Amino acid sequence: NLADAQTISAFERLMAIASLVTPNLPELEALGGAKRILAHGCHLLIKGGHSDGDDIVDRLMSPRGEVREWHGERIETKQTHGTGCTLASAIACGLGQGLTIDLAIERAIAFVRLALIGAPGLGAGHGPMGQQNVTDFR
């Protein structure tokens with residue numbers, strides 16, 4: 001489960017002041033779906049990593065509708081611990097540098113993909129990504 005009812009209620013208050021919400025598919029469902037999130041006036045990045053298939057589709061939505069989609073081939077790895085936090089942090093870095101929301105997301109997705117490819121392979125379960133191995137990234 002994403003969280004208990006009290007925590008989800010706190011998310012409601014945060015979404016009212018957020019510029020972007022980045023749930024994965026199970027989190028999106030727990031938060032009441034795209035329509036409910038977009039009603040807060042923020043953007044929504046629907047991350048497709050939990051979907052089935054070899055093609056991952058990430059969709060940026062605004063309260064006015066779909067803004068953009070990104071497609072990428074699934075990277076087969078167990079080294080996925082921290083993908084959501086890394087993506088959100090990388091988007092925030094791009095926004096802080098003055099990028100538009102779609103360019104910040106595009107760059108963040110590329111960073112996460114490189115970190116997945118560069119994962120060190122630690123642990124027997126869902127190990128850490130390889131953010132430290134992404135060099136010369138702009």
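Contact, in the account that follows, means heavy atoms within 4.5 Å. Helices (H or I, at least four residues) and strands (E, at least two) are DSSP runs, numbered from the N terminus. The structure is a predicted model, in which local features need pLDDT of at least 70 and side-chain atom pairs count only at pLDDT 80 or more, while totals for chains, interfaces and linings use all residues. Residues are numbered from 1 along each chain as its sequence is written, and side-chain values use heavy atoms, with hydrogens and water left out.

Spanning residues 101–117, α5 has 17 residues. From its first C-alpha to its last it reaches 24 Å, close to the expected 24 Å, where the expected span is 1.5 Å times one less than the number of residues. Buried in α5 are Ile101, Ala104, Ile105, Ala108, Ile109, Phe111, Val112, Ala115 and Leu116; buried means under 20% relative accessible area, exposed over 50%, and partly exposed in between (1.4 Å probe, protein chains only). Seen down the axis of α5, these buried residues fall within an arc of 165°, so they line one face of the helix. The arc is that of the directions from the helix axis to the C-beta atoms. The partners against which the buried residues of α5 pack are the strands β1 (20–21), β2 (43–46), β3 (55–62) and β4 (65–73), together with helix α4 (83–96).

Helix α1 (5–15) has the buried residues Ile8, Glu12 and Met15. They cover an arc of only 70° around the axis, which puts them on the same side of α1. The face turned away from that buried side carries the exposed residues Gln6, Arg13 and Leu14. Packing of the buried residues of α1 is against β1, α2 and α3. In the loop between α2 (25–30) and α3 (34–38) lies glycine 33, which is buried, with a relative accessible area of 18%.

Attention may now turn to the largest pocket. On a 1 Å grid over the protein atoms alone, a pocket is an open set of points with protein on both sides within 12 Å along at least five of seven lines, and lining residues have an atom within 4 Å of a point. The largest pocket is lined by 40 residues, of which Asn24, Lys47, Thr83, Gly84 and Leu87 lie nearest its centre. Helices α1, α4 and α5 and strands β1, β3 and β4 each supply at least two residues of this lining, and α4 gives the most, with eight residues.

How values were computed: On a 1 Å grid over the protein atoms alone, a cavity is a set of points where a 1.4 Å probe fits but cannot get out, and a pocket is an open set with protein on both sides within 12 Å along at least five of seven lines; lining residues have an atom within 4 Å of a point.
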